[in-house]
Amino acid sequence: MSCPICGEETARSYRPFCSRRCADLDLAKWLNGAYAAPSRDPEDIEKALEETERSRSSGEKHSQFRH
Ligand SMILES: [Zn+2]
């Protein structure tokens, strides 16, 4: 089985995705489709993910996110 987002091999702890990032991307894609016009543009998905991260991390310290 491969990650539906990027096609990499699935990680057991993030099934059916390969990483938390792809799980978040899928969630963002979902949210994006739910409140806006569906888009297949990866950049739009990235933007939606950023919005998700921003709203989730507001009031929290950014130190938990390593870049
Ligand atoms: Zn992936």
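Select Thr-10 and the residues around it: leaving aside neighbours within four places in sequence, Thr-10 is in contact (heavy atoms within 4.5 Å) with Met-1, Ser-2, Cys-3, Arg-15, Pro-16, Phe-17 and Cys-18. This is a predicted model, in which local features need pLDDT of at least 70 and side-chain atom pairs count only at pLDDT 80 or more, while totals for chains, interfaces and linings use all residues. Residues are numbered from 1 along each chain as its sequence is written, and side-chain values use heavy atoms, with hydrogens and water left out.

Stay on Thr-10. The residue sits in the segment before H1; helices are DSSP runs of H or I with at least four residues, numbered from the N terminus. Thr-10 has a relative accessible area of 18% and is therefore buried (under 20% relative accessible area, 1.4 Å probe, protein chains only). Now show Pro-16: its backbone oxygen is 3.4 Å from a polar atom of the Thr-10 side chain.

Next, select the zinc ion. Its protein donors (N, O and S atoms within 2.8 Å of the metal, or 3.2 Å for Na, K and Ca; water is not among the atoms, so sites may look incomplete) are the SG atoms of Cys-3, Cys-6, Cys-18 and Cys-22, at 2.3 to 2.4 Å. Along the chain the donors follow the spacing C-x2-C-x11-C-x3-C. Cys-3 and Cys-18, 15 residues apart, link distant parts of the chain, each lying in the segment before helix H1 (20-35).

Check the angles at the zinc ion: the four donor atoms subtend 102 to 117°, so the arrangement is tetrahedral (four donors, all angles between 85 and 135 degrees).

Finally, colour by accessibility. Cys-3 counts as buried because its relative accessibility is 3%, and Cys-18 counts as buried at 19%.

Key. Four donors count as tetrahedral if all angles lie between 85 and 135 degrees; four count as square planar and six as octahedral if opposite donors are over 155 degrees apart and all others between 65 and 115; anything else is irregular. Helices (H or I, at least four residues) and strands (E, at least two) are DSSP runs, numbered from the N terminus. Buried means under 20% relative accessible area, exposed over 50%, partly exposed in between (1.4 Å probe, protein chains only). A polar contact is a pair of N or O atoms within 3.5 Å; within protein, one must be able to donate a hydrogen and the other to accept it, and residues adjacent in sequence count only if both atoms are side-chain atoms.
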